[in-house]
Structure formats: C-alpha cells, structure tokens
Amino acid sequence: MKTSLYKNLQRKIIIITLLVSLAPLIVLGATIYYQFARMYGEKIEEQITYRATAQAEAVELFLKERTAILCAMADTHTFNDMTDEKNLARIFEVMNARAGAFVDLGVISNSGQHLAYVGPYDLKGLNYYQHPWFDEVMSKGVYISNVYMGYRQLPHFIIAVRRQEGLNSWILRATIDPDIFEEIVRSAQVGKTGDAYILDQKGVCQTRPRFNEEILTQSHLDTRLFGTRTTVIEEKNAEGEKTLYAGSRLKDGKWLLVISQEVAEEMSGLFATRIAEIVIIVCGFLAIILATVFTTRMIIKRLRETDSRMNELNAQLIQSDKLAALGKMAAGVAHEINNPLAVIIQVTGWMEDLLYEEEFQKSHNYEEYKQGIKNIEDHVERARKVVHNMLGYARKMEPRLEDVDVNSTLKQTIDLLKNHAITNNIEITTALSDDLPIIASDQSQLQQVFLNLITNAIDAIGSEGLIEVTSGQVDSFINVDITDNGPGIPEDKQKKVFDPFFTTKETGEGTGLGLWVSYDIIAKMGGSIRIKSEVGKGTTFTVAVPAVIPEKK
Amino acid sequence: MDAFRALVVDDEEVFLETLVKRLRKRNIDTTGVPSGEEALEIMKKNLFDVVILDVKMPGGMDGIETLREIKKIQPLAEVLLLTGHASVETSIEGMKLGAFDYLLKPIKLEELLTKLAQAFEKKDAHDQKIRSARIKELIRFPGRVLEQVKEDES
C-alpha cells in the first residue's frame with residue numbers, strides 16, 4: 001500500500017472516532033448546562049418572589065400596627081383630652097415607646113384646623129381643609145397617604161384616623177419617620193446589587209432606591225406590568241446586563257414593593273459551574289483527540305508492518321510456487337530426455353563393442369572412430385548427470401530427520417573443500433557458535449547445501465580471497481552465514497540466483513542448479529536462504545535452518 | 001554350470017535390440033520382447049534366470065503388472081527393474097513384490113552387468129538349495145519325488 005493510502009486511512013479513522021466521541025460529549029455538556037441554567041433561573045425567580053411577598057407583608061403589618069395604635073389612642077381619648085397639648089405629648093410619648101417610628105402627632109378639627117400638635121415642626125394653626133387627604137380621611141375614617149412634601153417641605157407620609165364623638169368629629173394624625181420606614185423596606189435588599197423600595201400607582205418612589213433614583217422621583221419601571229399578585233419581570237440595560245424585578249402590591253394595591261436583583265450576581269454560582277464544565281469538556285476534548293491520534297498512529301504503524309510482512313511472505317510464496325512449477329516442468333522434460341539418452345548410450349556401446357572386432361582394428365580410421373565414440377559417451381554422460389541432478393531434486397524428496405550437529409557438518413564440508421581452496425589461494429575461516437543445539441534435520445542434504453554454497457564462494461572469488469563461515473542461533477533458527485570477498489552480485493541478478501539454470505559461471509562450468517536445489521532443500525526443511533551482496537565487496541548467503549530439537553528416543 | 005538365460009522386456013525397440021545384441025556378445029543367452037504380454041507368453045514356454053523389465057511401458061501392461069504375473073508363472077526368476085526417476089516409487093513398490101533390484105535409466109552396461117551377475121548368483125544359490133533339498137528328499141522318500149517328477153512331466 002502507498003504511503004498516501006495509509007495517511008488517508010489514518011485521517012478517516014481519526015475523523016470518525018472524533019466525531020463519534022466528541023459529538024455526544026458536546027450534546028451532553030450542552031444539555032446538562034441548559035437544564036442546570038433553567039433550574040437555577042427558576043430557583044432565583046422563586047426566591048425573589050418569596051422575598052418580595054414576605055417583605056410586602058412585613059411593610060403592610062408595620063402600617064397596620066401603626067394605624068391600629070393610632071385608632072386605639074383616638075378611640076380611648078376625648079376631643080378635650082387630645083387638644084390639651086400636654087396630654088397629647090404624653091400620648092405621643094406612649095405611642096413612640098410602644099410602637100415607635102412616629103415623627104409627630106396632631107389633632108385636626110372637622111373644619112381642617114390643626115388644633116393641637118406635638119413634633120419638631122411648627123404646624124399648629126394650619127388648615128388642611130383644602131388638602132386631598134383631609135377629604136379621604138373624613139369620608140373613609142382611616143387614611144394612609146402617599147409620600148408628599150407638604151408644609152414642612154420634606155418627603156413624608158401620614159396616617160390619619162377620624163374619631164366620631166357625638167355630633168362632633170375630629171382627626172388624629174401622625175407622621176411616620178421616613179428613615180425608619182425606608183430602613184424597614186430596605187431590609188429586604190440582598191448582596192451588592194440588590195435593592196428594595198416602594199412605588200405608588202404612578203411609579204413615583206415612596207422610599208429612596210439604593211441606586212440612581214431619589215425619593216419622589218418617577219421610577220423607570222412601569223407599575224402596570226405588575227399584577228395583583230407578586231410578579232417577576234426581567235429587564236436588560238444598555239450594557240446587556242439583566243436585572244430581575246419582583247413587585248408585590250400592598251396598601252390595597254396603592255403601593256408596589258419592588259425588589260430588584262442583577263441576574264449576573266445571582267447567577268455567579270451558575271457561571272462558576274459553567275466555567276468548570278467548559279474546562280472539563282475542553283480537557284476531555286484534548287484527551288480524546290490525543291488518545292485518538294496516538295491510537296490511530298499505532299494501529300496504522302502495526303498495519304504497515306503487517307502489510308510489509310505479508311508482502312514479504314507473498315514474495316516468498318510466489319518464489320516457491322515458481323520453483324515448484326519449474327521443478328515439475330523440468331522433471332517432465334528430463335524424463336523425456338532420458339529415454340533417447342538410454343538409447344544413445346546403448347547404441348554407442350554397441351558400436352564400441354563392434355569396434356574391438358579384428359576387422360575394424362585394421363582400419364586406418366580406427367583411432368578416429370574410437371575417439372568419436374568416446375566423445376559421444378562423454379557428452380551423454382554429461383547430459384545424464386544434468387538430468388540426473390535435476391530429476392533427483394525435482395521429485396518429491398522429503399527430508400529425513402536425524403540428529404544433526406550443524407557445526408560438525410560445516411567442518412566436514414570445509415575439510416572436503418580445503419584442498420580445492422588452498423590450490424586457489426583461498427583461506428576459509430570459521431567462527432562457529434559453541435552452544436548450538438543438536439537439531440533434528442537431514443545431514444546429507446544440509447551438507448549438500450553447504451557444499452554448494454562454499455563451492456560457489458570459491459568459484460566466485462576465483463583465486464586469492466577469504467571465505468568466512470559463521471554459525472549462531474537466532475530465535476528458533478540456526479543461521480549459517482557464508483561470506484566471500486568476491487566480486488559480488490548486482491542487485492538485478494540477486495533475485496534470479498535461486499532460479500534453476502541461472503548461472504554466472506562460464507558455459508559448461510556450472511549447471512545453474514546448485515542454488516535452486518539448495519533453496520529447495522532448505523525450504524522443504526521449513527527454513528530459508530537469503531542473499532546479501534554488494535558489487536566489489538562480496539556476497540553473504542545466510543542459511544536459516546529451523547532448530548527443531550530431536551524427540552527423545 | 002548351465003549358461004544363464006536372460007529376458008529383456010522394453011517397448012523402446014532400438015534400445016531392446018541393441019541391449020540384446022550387447023548381452024549376447026558377452027555370452028549371455030538373451031531374448032528380447034517389446035511388451036509385458038509377449039514376455040508372459042514366452043515365459044510360459046521357456047525358463048529364464050533373470051528378467052530385465054522396463055517399469056514404464058505405455059500402451060500395454062505396465063512393468064508392475066507384468067512383474068506380478070511373472071512371479072506367478074516363474075516365481076524363481078529374478079527380476080531387475082529398469083526405471084526413470086519419475087517411477088522410483090513404483091520400483092520400490094516392485095521390490096516389495098519380489099523384484100531383485102532396480103536400475104536408473106539411462107543405464108551403463110557395466111552397472112547392468114554387475115547387477116545381472118548378482119542376480120544370477122542369487123538365482124544360482126537358490127537353485128542349488130532346491131537341488132540339494134530335492135536330493136535329500138530323494139534319498140529319504142524316493143517314491144514321492146518320483147511321483148512329483150512324473151506329475152511335472154505330464
């Protein structure tokens with residue numbers, strides 16, 4: 001497979017794995033965050049609603065208490081008691097001691113005349129007949145005003161009650177301390193941005209809000225947006241910051257208690273959660289990406305190795321298939337050659353038999369005939385040998401198993417060739433491993449392989465050179481290296497050296513069958529012969545024989 | 001000692017003819033036939049010491065079949081198989097059936113002669129044994145042997 005195909009495959013695996021693993025993570029993260037945010041929002045709204053309702057009730061209770069004490073004082077005292085300012089001062093003292101938050105107390109006649117007054121302002125003698133609150137209290141009996149400036153030119157509000165005493169009626173009126181009232185209202189504000197204040201029906205501030213607005217100014221809130229029950233609305237300012245407003249009505253719907261809270265502050269817990277979630281998801285992303293890339297690379301690397309190993313095996317398989325096919329063909333051809341050879345040998349033999357008869361011996365061409373017949377016989381013999389070798393190895397010849405000492409087999413083989421090598425000034429050195437096991441193999445076949453390879457090495461060197469024979473165990477194989485410092489074999493010819501009839505020797509010198517036969521022998525044993533050669537440096541043949549340990553007899 | 005008699009069976013006519021001539025030239029009483037059928041035919045009439053038999057004879061009885069039949073007709077005749085490489089296994093099979101040995105084609109006459117000599121020797125030893133056994137038997141039970149001889153002749 002080409003490199004680009006592996007890259008492509010790697011890219012595909014990475015993309016698919018990432019899609020499959022990251023998509024659910026994103027969906028899960030988003031869903032969890034959405035649900036959490038929704039619940040958090042609901043909780044905040046619930047909380048602010050509760051606070052507004054509770055605070056409105058508290059303020060309502062405050063007003064009712066003040067109204068009640070005022071009613072009680074009016075009901076239990078006569079007009080004469082009340083208009084006596086000493087008495088009024090005592091009553092005022094008792095009221096402030098029991099309930100507090102009263103600024104002043106005054107008695108007003110049914111004609112609007114301020115008859116008696118206790119308090120910090122000089123309001124005695126003023127007439128309220130024209131004031132709207134006077135009508136209200138005269139008709140309804142009890143009246144709590146909105147905040148207004150009045151004669152004293154300070155924002156305040158009053159509670160007034162009417163007392164019917166026979167035919168005469170009079171009004172007891174008290175002013176509520178705006179600071180105390182504001183404090184009570186404000187007790188509901190929370191945090192750095194929280195606020196609590198009261199608006200009237202038109203949206204005018206009845207207590208001072210914490211930020212921006214002043215008392216008696218028009219609030220930006222539209223009070224009509226709030227219902228009769230506690231209502232929450234959300235507003236966004238120019239900067240996009242959201243604020244929640246909870247409004248709860250009190251004083252028969254005339255006032256609206258507003259509690260406000262910036263969402264950002266309330267949501268800070270949620271934002272922390274969001275950041276934590278994002279960090280976790282990003283870490284997850286990185287981990288998944290890293291793991292995916294790493295794993296994929298590893299898989300592709302393994303795949304490449306397996307593929308190249310398989311290609312190697314395929315090449316070997318093709319080689320052995322080729323050799324088997326060639327072997328079969330060679331066997332068939334050789335067999336057909338054998339029959340005519342047999343006839344030629346006999347016929348020539350017969351001619352030779354006849355030549356020894358007396359009449360032929362007298363012929364002056366006798367020697368010529370004799371030589372001719374000898375030549376025929378020699379060449380038939382040569383052909384016979386080739387065919388014999390070929391047939392010998394082409395037919396199925398399973399190696400027989402005997403205990404073989406590879407080193408001593410090598411030594412015997414080298415002994416056989418020593419004289420031949422010395423004649424050509426070639427030195428054979430050995431470096432044989434001492435701890436090779438005795439293996440189950442076929443000694444004569446192994447010897448033939450070593451003989452072929454060392455003979456080839458001698459022939460390759462020609463004269464003067466060095467042959468090195470080494471042995472050693474590599475995994476489950478015994479490796480024998482036969483290295484010569486001959487001329488080497490060019491790369492294009494290296495592939496062919498195991499093919500039958502391939503020879504680098506001169507015509508008539510070699511049959512081209514030695515390596516083919518050797519390859520076949522070793523392959524049948526389950527081993528292999530490899531070649532490593534460099535032109536000008538030499539050649540190494542490595543024979544790997546399976547180190548099969550003989551069964552104990 | 002009587003002259004040995006050999007029979008050569010091979011479907012390759014030139015080979016057969018030449019081999020017969022060469023053996024005769026070396027004073028071996030040799031007959032040649034080109035097929036298994038003819039070999040059996042001639043062996044029913046004549047005794048042979050050694051049969052040189054080609055294993056592969058396409059077109060008629062093959063060597064192994066012929067060998068089986070020969071062993072029925074003349075169990076004492078030694079059989080030398082001639083074989084190519086492709087039929088070495090067959091020849092080994094043949095040896096189990098009682099063939100004396102096999103020779104790989106193309107054969108050299110010297111090798112054949114050596115093998116022939118060994119075969120003749122074996123046959124001769126065998127004949128000797130039988131002869132001495134018969135003599136011993138004749139001495140002990142002359143009547144029985146004479147009866148058998150009569151039977152054989154008839």
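**Entry 1: the hairpin**

I began at the hairpin of β8(A) and β9(A), where four residues lie between the strands and Lys251(A) takes a positive phi near 55°. Helices (H or I, at least four residues) and strands (E, at least two) are DSSP runs, numbered from the N terminus. I note at once that the model is predicted: local features need pLDDT of at least 70, side-chain atom pairs count only at pLDDT 80 or more, and totals for chains, interfaces and linings use all residues. Residues are numbered from 1 along each chain as its sequence is written, and chains are lettered from A and ligands numbered from 1 in the order in which they are written.

I then placed Lys251(A) in the loop between β8 and β9 of chain A. Is Lys251(A) buried, exposed or partly exposed? I found Lys251(A) partly exposed, because 19 other C-beta atoms lie within 10 Å (buried means 20 or more such atoms within 10 Å, exposed 12 or fewer, partly exposed in between, with C-beta atoms placed from the backbone).

**Entry 2: the strands of the hairpin**

I followed β8(A), residues 242–250, to β9(A), residues 255–262, and recorded eight bridges between these antiparallel strands. Strands pair if DSSP finds at least two bridges between them. Across this pair, Leu244(A) stands opposite Gln261(A), and Ala246(A) faces Ile259(A).

I next looked at the other partner of β9(A). Six bridges join β6(A) to β9(A), again in antiparallel fashion.

**Entry 3: the whole sheet**

In what order do the four strands of the open sheet run? I read β6-β9-β8-β7 in chain A, with antiparallel pairing. From one strand to the next the twist averages 25°.

I then traced helix α1 (residues 3–76) of chain A, which lies across β6, β7, β8 and β9 of that chain and runs at about 35° to β8(A). Axes are lines fitted to C-alpha atoms, for helices over the stretch in contact, and angles run from 0 to 180 degrees between N-to-C directions.

**Entry 4: Ala101(A)**

I looked up another residue with positive phi. Phi of Ala101(A) is near 75°, and the residue is not glycine. Most residues other than glycine have a negative phi. I located Ala101(A) in the loop between α3 (85–98) and β1 (102–109) of chain A. With 19 other C-beta atoms within 10 Å, Ala101(A) counts as partly exposed.

**Entry 5: where chain A touches chain B**

I counted 17 residues from chain A and 16 residues from chain B in the contact (two residues are in contact if their C-beta atoms, placed from the backbone, lie within 7 Å). On the side of chain A that touches chain B, α7 (268–355) and α9 (366–394) each supply at least two residues. Which element gives the most to that side? It is α7(A), with 13 residues.

**Entry 6: chain B and its helix α2**

I recorded six helices and five strands in chain B. From the N terminus on, I read their order as β-α-β-α-β-α-β-α-β-α-α. Buried residues make up 34% of the 154 residues in chain B. Among contacts in chain B between residues at least 6 apart in sequence, I noted that 61% join residues at least 24 apart.

I then turned to helix α2 (residues 36–45) of chain B, where Gly36(B), Ala39(B) and Met43(B) are buried. They cover an arc of only 55° around the axis, which puts them on the same side of α2(B); the arc is that of the directions from the helix axis to the C-beta atoms. The cover over the buried residues of α2(B) includes β1 (5–9), β2 (29–33) and α3 (63–73) of chain B. On the face turned away from the buried side, I listed the exposed residues Glu41(B), Lys44(B) and Lys45(B).

**Entry 7: confidence**

Within chain A, confidence is lowest in helix α6 (residues 263–266), at a mean of 79, and highest in strand β14 (residues 477–484), at 93.

Conventions: pLDDT is the predictor's confidence in each residue, from 0 to 100.
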